[in-house]
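These are my notebook entries on one structure, written down in the order in which I looked things up.

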Amino acid sequence: MIRPLAGLLVLIVVVVGLGATIVPRFLDRLYYRGPPTDHFDGARFVNPDRDSPAPTLPGGRAGFFWRQLTGSDGRPRWPAQVAVTPARPAARVDGDRMVVTWIGHATVLIQTQGLNILTDPIYAERAGPLGFGPRRVAAPGVRLVDLPRIDLILVSHDHYDHLDLAALGALWRRDHPAIVTSLGNDSVIGQAGARALGLDWGGSATIDATGLHDTSRDPRCDPDGWCPGDRARVFVTRNHHWGSRWFSDRNRALWSSFVVRLPRGGNLFFAGDTGFGDGLWPGEAAAYGPIRFAMIPIGAFRFQPGQMASGSHIGPAEAALIHQRLGAARSLPIHWGTFRLSYEGYDTPPRMLAAAMRCSGGDGFAAQPIGVPFEVPVYAPPARGTPMTAPEMMRCLDTPAVRALR
């Protein structure tokens, strides 16, 4: 009974995919119009360093969908459900204290200096369109109804495991938060009835007593510093990825990372979803000032046995290098343990990250459980460890213990 049903589901996916190819005008979406730049050709966005190759999918795309639906791909087993005790955060955290709660995947609640900041809020049961896509194995670490009033939401790009229209719509109706994203994603978010500010890389926005304002070209503001009356200033920064909501709208909206400058204690950095690319973009983010707390992805990096990164997704090895190049005092590994998006084992990313951190000799970057709040001290210069290139890190990790991780 299960195999015929799985076959029917695969057939549906294939038919939908063929329809998207045959009738692209119907399914394509123009999320953004603007002049060409080094990362926009007038129609679609690109990575200006070097474009990421698509992940290698053994058996091709059709085989990938079949194995996703049937579980017949030889991947390590994941738990069907992970026990999570949801937190009930305080309404506000004042002063220089910073309390962070990992809600799951790339969704993180940061509370500090009277601000509640939320990244890529996803509460959907499945990460995909039309009820398809991987099912979450871990419930959200804070229930949607238990979230405190949200002041600022950062949305990194338009993939379904990062841009959840239902959650954004609910938060907009309840709190009317400031929402900052990159070009084109504001159009997608508008489908939920929410209003977002879409900015290019290098753009900035400020939150003051009157709300959210685009300060990218505001003459009153320092280019990389403060604007009058700031509670926080958000800088939209480069990373290395791609975007799509459907089959034929690839790269119609831009992907990004973010730096949030706060009045005291050091900056926040949210990497979004990213590959390593040229490896220079962490330094560009660090140029805005010391980073007290960073959120860096470590999962969905393996699409065939032994793979350490996939071009558009960093693995733990490259994540450790990004933590080092940011000069972050404390980093949280995200983008693992919630949705099964690739072939590594459930706990392979944090175990491999621990090995990578031993290679670099740094500290301050280790896994935290979902739904357990933790405090982040004000910025203090971290132990920088040994500067490494990506090939040097890969050679350091080439050990029997790491090779045994699936």
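At what angle do helix α7 and helix α9 pack, and how far apart are their axes? I was working from a predicted model, and in it α7 (residues 316-326) and α9 (residues 390-397) pack at an angle of about 130°, with their axes 9 Å apart. The crossing of α7 and α9 is right-handed. I then listed the residues that make the contact, which are A317, E318, A320, L321 and R325 on the α7 side and A390, M393, M394 and L397 on the α9 side. Sorted by class, the contact of α7 with α9 holds seven nonpolar and two charged residues, and no polar ones.

From α8 the contact takes in A355, A356, C359 and S360, and from α9 it takes in M393, C396 and L397. Six of the residues in the contact of α8 with α9 are nonpolar and one is polar, while none is charged.

I went back to α7 to ask how many of its residues are buried. The count is 10 of 11, so α7 is largely enclosed by the rest of the structure. The buried residues of α7 are P316, A317, E318, A319, A320, L321, I322, H323, Q324 and L326. Among the elements that cover them I found β11 (267-270), α6 (281-286), β12 (291-297) and β13 (330-334), together with α8 and α9. After α7 comes G327, with a positive phi near 70°.

My next entry concerns the largest nonpolar core, which has 78 residues, and of these I110, V180, F269, F293, L326, M393 and L397 touch the most other members. Another core lies apart from it, with 22 residues, Y31, A87, I153 and I189 among them. For V180 I looked up the contacts beyond four places in sequence, and they include L152, L154, V155, L197, L199, V234, V236 and F258. As a general remark, nonpolar side chains tend to be buried together in soluble globular proteins.

Which residue is 5.2 Å from I370, C-alpha to C-alpha, although 268 residues away in sequence? I found that it is W102. Leaving aside residues up to four places away in sequence, I370 touches V84, W102, I103, G104, A138, A139, G141, G337 and T338.

Last, I checked backbone phi, keeping in mind that most residues other than glycine have a negative value. H105 is not a glycine, yet its phi is positive, about 55°. H105 belongs to the loop between β1 (98-104) and β2 (107-112) and is buried, with a relative accessible area of 1%. Q113 is likewise a residue other than glycine with a positive phi, here near 50°. I placed Q113 in the loop between β2 and β3 (115-119), where it is buried at a relative accessible area of 13%.

Note on methods. Residues numbered from 1 in each chain as written. Predicted model: local features only at pLDDT ≥ 70, side-chain atom pairs only at ≥ 80, totals over all residues. Heavy atoms only, no water. Core = buried A, V, L, I, M, F, W, Y, C linked by side-chain atoms within 4.5 Å. Buried < 20%, exposed > 50% of the residue type's maximum accessible area, 1.4 Å probe, protein only. Contact = heavy atoms within 4.5 Å. Axes fitted to C-alpha atoms, helices over the stretch in contact; angles between N-to-C directions. Helix = DSSP H or I, 4+ residues; strand = E, 2+ residues; numbered from the N terminus. Left-handed = near helix turned anticlockwise from the far one by under 90°. Nonpolar A, V, L, I, M, F, W, Y, C, P; charged D, E, K, R; others polar.
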